[in-house]
Amino acid sequence: MTALPESGRAWFLVARPHGWPEPGDVALRDVPVTEPGEGRILVRNLHFSVDPYMRGRMNDVKSYVPPYQLDKPMDGAAVGEVIASRAEGFAVGDHVVHGLGWREYAEFPAEHGTKVDASLAPLSAYLGVLGATGLTAYAGLFETASFKEGDAVFVSGAAGAVGSEAGQLARIKGASRVIGSAGSDEKVRLLTEEYGFDAAFNYKKGPVRDQLKAAAPDGIDVYFDNVGGDHLEAALSTLNPHGRVTLC
Ligand SMILES: NC(=O)c1ccc[n+]([C@@H]2O[C@H](COP(=O)([O-])OP(=O)(O)OC[C@H]3O[C@@H](n4cnc5c(N)ncnc54)[C@H](OP(=O)(O)O)[C@@H]3O)[C@@H](O)[C@H]2O)c1
């Protein structure tokens, strides 16, 4: 077995930001690398996910995930390569998705990792379309909203990580019409010219209600809500009988 590194770098939260995080709120520090214990694996991380929810975890408040601790490494989704294993079913060279990002090396119980196949998709895709964002879009559309072929679908935050996937899934699964809203003309162009949306509008250019009515003359059957507010109100007033709404 090749020798394991003695140490690796990890990002620590060293101060709680107020407003925008500052470089001084985090510090890159060396930490010892330990050999995996029984049933555990050591992974060299290759990709980290940087997600909006992480800013919330920098605050010391109760939420659906515990806050980051001061002077401890941060965590988050990551994908890496197993470099040492004492767990059945995990071999050196396997790739895994797991929850100990923000560090070069992660050592953890093997059941906390999910093996992924680097030959099927780029490894970073397992943090996006084949990871939490894809699952959110998929479950929100097909489970929560019970999408069926022929539905007209409206997606807000449509150029974002989740919205762009929800719209594309609706398109390839036979929606009668897919409409998206976004906050710039460039994003609107992306939606219609590259992501396959039938119509899109810039919500900063006029009332959402008017723009949605123009884009969906026959109403909508599904609203995939990423933003709430005026978008939700406009969608409710445009919803056909038996319409469904996913509040993401
Ligand atoms: N990413 C995940 O894995 C995940 C998992 C579960 C739930 N979610 C939820 O899914 C939703 C979308 O998240 P995301 O990861 O796709 O984020 P994202 O890529 O940052 O997209 C969100 C988009 O919402 C738009 N937006 C922000 N404020 C707005 C406002 N006041 N009115 C209208 N649009 C606004 C922005 O686009 P414009 O520039 O077009 O305004 C922004 O890019 C969030 O509610 C998030 O909590 C995400």
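Tutor: The account below begins with the sheet and then turns to selected residues elsewhere in the chain.

This is a predicted model, in which local features need pLDDT of at least 70 and side-chain atom pairs count only at pLDDT 80 or more, while totals for chains, interfaces and linings use all residues. Residues are numbered from 1 along each chain as its sequence is written, and side-chain values use heavy atoms, with hydrogens and water left out.

The protein chain is divided into domain 1 (7-127) and domain 2 (132-247), with bounds taken from an automatic or database domain assignment. Between the C-alpha centres of domain 1 and domain 2 the separation is 33 Å.

The sheet is open, has 3 strands in the order 2-1-4, and pairs in the antiparallel sense. Strand 2 and strand 4 are its edge strands, each pairing on one side only. Strands (E, at least two residues) and helices (H or I, at least four) are DSSP runs, numbered from the N terminus; two strands pair if DSSP finds at least two bridges between them. Strand 1 (residues 7-13) is joined to strand 2 by 7 antiparallel bridges, and to strand 4 by 2 antiparallel bridges. Phe 12 has a bridge partner in strand 2, Ala 27, and a bridge partner in strand 4, Pro 73. For Trp 11, the bridge partner in strand 2 is Leu 28.

Leu 28 lies in strand 2 (residues 26-32) and counts as partly exposed because its relative accessibility is 41%. Buried means under 20% relative accessible area, exposed over 50%, and partly exposed in between (1.4 Å probe, protein chains only).

Next come two residues with positive phi. Asp 71 is in the loop between helix 1 (53-57) and strand 4 (72-73). Its phi is near 60 degrees, a positive value in a residue other than glycine, and at 46% relative accessibility Asp 71 is partly exposed. Trp 102, likewise not a glycine, has a positive phi of about 60 degrees. Trp 102 is in the loop between strand 6 (95-98) and strand 7 (105-109), and counts as buried because its relative accessibility is 16%.

Arg 44 is found in strand 3 (residues 40-48) and, at 33% relative accessibility, is partly exposed. Not counting residues up to four places away in sequence, Arg 44 touches Gly 80, Glu 81, Ile 83, Glu 104 and Tyr 105; contact means heavy atoms within 4.5 Å. Arg 44 is 88 residues from Ala 132 in sequence and 21 Å from it in space, C-alpha to C-alpha.

His 231 has its place in helix 6 (residues 229-238) and counts as buried because its relative accessibility is 3%. Beyond four places in sequence, the residues touched by His 231 include Phe 154, Ser 181 and Tyr 223. His 231 and Ser 181 are 50 residues apart in sequence and 8.8 Å apart in space, C-alpha to C-alpha.
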